[in-house]
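This report describes how parts of a structure pack against one another.

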Amino acid sequence: MSLIKDLTKGIYRENPVFRLVLGMCPFLAVTTSVENALGMGAAATFVLICSNFLVSLFRNIIPSKVRIPCYIVIIATFVTLVDMVMNAYLPDLHRSLGIFIPLIVVNCIILGRAEGFANRNPVLNSIADAVGMGIGFTLAMVILASFRELLGNGTLLNINVLGSAYQNQPLLIAILAPGAFILLSFILGFFNILEKRKGGRQ
Amino acid sequence: MATRRFELAMSPHVGATQTTRKIMFDVVIALLPALAAATWFFGPRALLIVVLSAATAVVAEYLCLKFMKRPVSFALDGSAIVTGMLLAYNLPSGVPLWLPVIGTAFAIVVGKQAFGGIGHNIVNPALLGRAFLMASFPILMTAGWVAPDAWNSSEDIAWGTSGIVQEQLSTIPMADAISGATPLNVLKQTFDLDASAQNAHNEGNTAEALSLEERADGIRSALYSKSTYINLLIGRTGGCLGETSVILLLVGAIYLVMRGVLELRLPISYLGTVAVLAWVFGGSGWFNGDPLFHVLAGGVILGGIFMVSDMVTTPVTPKGRIIFGIGAGLLTMVIRRWGGYPEGCSYSILLMNLVTPLIDKLTLPRVFGEVKKNG
């Protein structure tokens, strides 16, 4: 029962982006296209699951004074793995994600789950938590990226949706940095209204 | 059922004669002479763009207030109309008609209502709308310059990219070039010519360098001439709708000063800074720029009268207003002389809007009798 709860809470109730407002740096930077968002989400989810698993496994061995360096070493290991695999098999995606792949090491969602959850929960729950959080993060990125790619380029997953007439004069700002912030504020506002209507906690 | 809504005015509550509605409609009246000039020089399309923009502003404001369950009568207090008109005044007359609609809707929804409506916006909504359009549709926003009086001639003189301007500069008499592209665009071209002259000089190609320099100087002396000044004064020049006719903008300013709406510290410190910096840095060397040209050309008169003096987004303290004007003038000239855009008026005001709370805090006058802390 608690396993399912740990899995689902990351998707909406404790969505790392929309509810906890964590991981803003990759979230705003790579959501220029749905493809990038999916790639980033997959990479982050993989690292999240592996690091939560290892941190939870070693939670009684790691001395609490040096736990943050230990998390960083564990996370960096998997990030290096992802970085190299992506570079070998998906070079285009690797190029467009650029610096944000190595930066997963200091992603506050992953570090936050290691410190806040995997550190004090059993292995299975930690994996469930990581899967939920990873899905939540990916989902949030795909939502923002859909708006940005659709408005800023007229496409979705590189498929022309709005027609070539729109593509000649797209709402360019949507794929620029200010557009990310403006759309994020609208999405956050939407979720706040949703919570308020539900009468839930604020 | 007509229930009277009581409006809470600013303190002290001693029967203030100025209300938001009165001030805003004074501003609308002050904007009308420039609208007449825009219609005269750029044709009925200019009028259509302004009306469309103002109407969109009111509708967007109404819908926002309705959505947020606030009193919808705010939509008619005139501030939305002013925002819509000012945004339209910042557009070239050749833009497609959906552009002012999108820009104004963004200005009202994101620039004003998202921050809490009138009195709570951080930056000038009209300028934010312009910045939004510049970022979204850079080609439409910079290619729609229509030469004055061209609207009723058979030729469609919509001047395009800088390449076309450059080509025209070398082939046609100077006066026409000035009337098509904006004067500041032409000035920027001369700085580009200077740069290529410097390049040619560095490569040892002295003859080419000299001819380029000569061309740049020739264009500049045509710009800094009496006929250009007169065209700039009456508004017979390319540019955004409402920025061209300096005389009619000044008529509006005089009306605002007489009505006690416009406080002169802001415009004077702003335009003064622009003039001084234009004299120091505006030319190819030091202290040989042309202050008159820089004050008359582009949007600084429009910005100086109607945007620098916006009551919500500029400092309230007298000292703060002077600091604001100097800062905006400095940024305007930096962008004009060294920046990527020919005109820096709108961005300079937007940037200074952001530091307005800080300026207000630092220039707050000491309360009488208060002892200076750590003094």
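## A helix pair in chain B

H16(B) passes H17(B) in a right-handed crossing, meaning that the near helix is turned clockwise from the far one by less than a right angle. This is a predicted model, in which local features need pLDDT of at least 70, side-chain atom pairs count only at pLDDT 80 or more, and totals for chains, interfaces and linings use all residues. Residues are numbered from 1 along each chain as its sequence is written, while chains are lettered from A and ligands numbered from 1 in the order in which they are written.

H16 spans residues 318-338 of chain B and H17 spans residues 345-362 of chain B; helices are DSSP runs of H or I with at least four residues, numbered from the N terminus. They pack at an angle of about 150°, with axes 9 Å apart (axes are lines fitted to C-alpha atoms over the stretch in contact, and angles run from 0 to 180 degrees between N-to-C directions). H16(B) and H17(B) are therefore roughly antiparallel, the word for angles over 145 degrees.

## The nonpolar core

The largest nonpolar core has 131 residues, and A:Val47, B:Met85 and B:Leu241 have the most contacts inside it. Such a core is a set of buried Ala, Val, Leu, Ile, Met, Phe, Trp, Tyr and Cys residues joined through C-beta atoms within 7 Å; buried means 20 or more other C-beta atoms within 10 Å of a residue's own, with C-beta atoms placed from the backbone. Helix H3 of chain A, residues 34-57, gives the most to this core, with 11 residues.

Leaving aside residues up to four places away in sequence, A:Val47 touches A:Ile75, A:Phe78, A:Val79, A:Val82, A:Ile104 and A:Ile110; contact requires C-beta atoms, placed from the backbone, within 7 Å.

## Between the chains

Chain A puts seven residues into the contact and chain B six residues.

Methods
Two residues are in contact if their C-beta atoms, placed from the backbone, lie within 7 Å. Helices (H or I, at least four residues) and strands (E, at least two) are DSSP runs, numbered from the N terminus. Angles under 35 degrees count as roughly parallel, over 145 as roughly antiparallel, 65 to 115 as roughly perpendicular and the rest as oblique. A residue is buried if 20 or more other C-beta atoms lie within 10 Å of its own, exposed if 12 or fewer, and partly exposed in between; C-beta atoms are placed from the backbone.
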